[in-house]
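Dear colleague,

Please find below the structure that I am handing over to you.

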Number of protein chains: 2
Amino acid sequence: MRPDPIRLAVLVLLLFIAVAATPQNSAKHTSSQAAARQSKSDQEIRAVYDGWAKAFEAKDLDGIMAVYAPGDALVAYDIVPPLQYVGKDSYRKDYQEFLAMYDGPIKVEYRDLRIMSSGDVGFIHAVERMSGTLKNGQKSDIWLRATSGLRKIHGKWLIVHDHISVPADFDTGKAVLDLKP
Amino acid sequence: MRPDPIRLAVLVLLLFIAVAATPQNSAKHTSSQAAARQSKSDQEIRAVYDGWAKAFEAKDLDGIMAVYAPGDALVAYDIVPPLQYVGKDSYRKDYQEFLAMYDGPIKVEYRDLRIMSSGDVGFIHAVERMSGTLKNGQKSDIWLRATSGLRKIHGKWLIVHDHISVPADFDTGKAVLDLKP
């Protein structure tokens with residue numbers, strides 16, 4: 001059969017319309033995929049946080065450090081001095097000393113947790129209750145504030161920044177350790 | 001002129017190739033645009049921070065609050081109690097009280113500032129020196145830690161979360177106000 005020029009022209013037109021329309025459809029698709037990914041990212045970040053809490057409660061130092069980015073990608077402002085911990089090694093040492101203050105397990109509880117993420121960057125913050133028994137037998141039960149910044153590195157969300165603190169009373173110079181949310 | 005079926009078929013093929021190739025080109029284009037946007041986002045977030053510092057140094061409360069997201073989108077953990085400020089109004093009151101402690105301007109200096117952003121979410125952190133003269137005549141010169149989470153809302157980066165603190169000494173119960181980076 002010899003091709004009919006009119007049918008061919010119509011085919012060109014239809015093909016053009018179909019292909020030209022594709023980017024719009026794919027953009028819509030991408031947009032709903034982005035929303036799903038964002039919610040998925042929030043869930044993944046929440047899982048990182050829960051993983052940290054589980055390891056922290058068990059005083060499992062390797063499990064704790066598994067949620068952090070390697071090397072100097074990690075910069076942490078902890079509840080104790082110095083001003084900042086630069087690098088995973090120094091923060092690990094800080095954790096080791098902190099965990100050593102406790103006798104037995106530590107209990108962690110969050111409140112008012114919020115997660116925001118987009119693409120490969122996210123952050124999470126919450127007020128956090130940390131309770132346990134210190135080596136000197138004293139019970140410790142503190143509400144503190146926790147903020148973490150995360151980055152998705154090679155498909156895995158890792159914490160690149162921690163900021164943990166209690167407020168300070170400028171009149172007395174005391175750290176305020178007895179606040180409740 | 002009667003259309004030549006062969007030329008039409010070639011046209012179809014060329015058109016198909018051209019249009020089918022478009023998404024790939026546009027994906028490449030989008031990728032380099034994304035990198036440029038990210039860097040642009042980092043610059044915009046830096047500008048928000050610098051805007052805050054300028055307003056803070058001038059003790060311009062409206063200028064300070066202009067960098068924050070409206071209403072309950074803002075949750076802040078400040079250097080002073082309570083544990084958290086929920087909402088822009090309560091944080092504004094906190095700023096008002098803080099600024100009132102100082103006589104004359106306040107000087108702000110950052111160090112080790114880092115910005116990460118992707119899409120419409122970003123965070124920034126730095127160690128920050130805040131110096132000035134208190135109303136009682138005493139000089140105040142403190143290094144603190146500052147972390148902010150930002151969201152791009154209606155095309156504008158706004159701070160939705162602040163975390164400002166100094167470390168605490170658990171042996172003395174004191175807030176540690178004399179640290180240097």
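Two strands are said to pair if DSSP finds at least two bridges between them. In general, strands of a sheet pair through backbone hydrogen bonds, either parallel or antiparallel.

This is a predicted model, in which local features need pLDDT of at least 70 and side-chain atom pairs count only at pLDDT 80 or more, while totals for chains, interfaces and linings use all residues. Residues are numbered from 1 along each chain as its sequence is written, and chains are lettered from A and ligands numbered from 1 in the order in which they are written.

E3(A) runs antiparallel to strand E4 (residues 121-134) of chain A, and twelve bridges join them. Val108(A) faces Met130(A) of E4(A) as its opposite residue. The two strands form a hairpin with two residues between them, and Gly119(A) in the turn has a positive phi of about 60 degrees.

E4(A) is also joined to E5(A), in the antiparallel sense, by 13 bridges. One bridge partner in E5(A) is Lys139(A), which pairs with Thr133(A). Four residues lie between E4(A) and E5(A) in their hairpin, where Gly137(A) in the turn has a positive phi of about 90 degrees.

Yours sincerely
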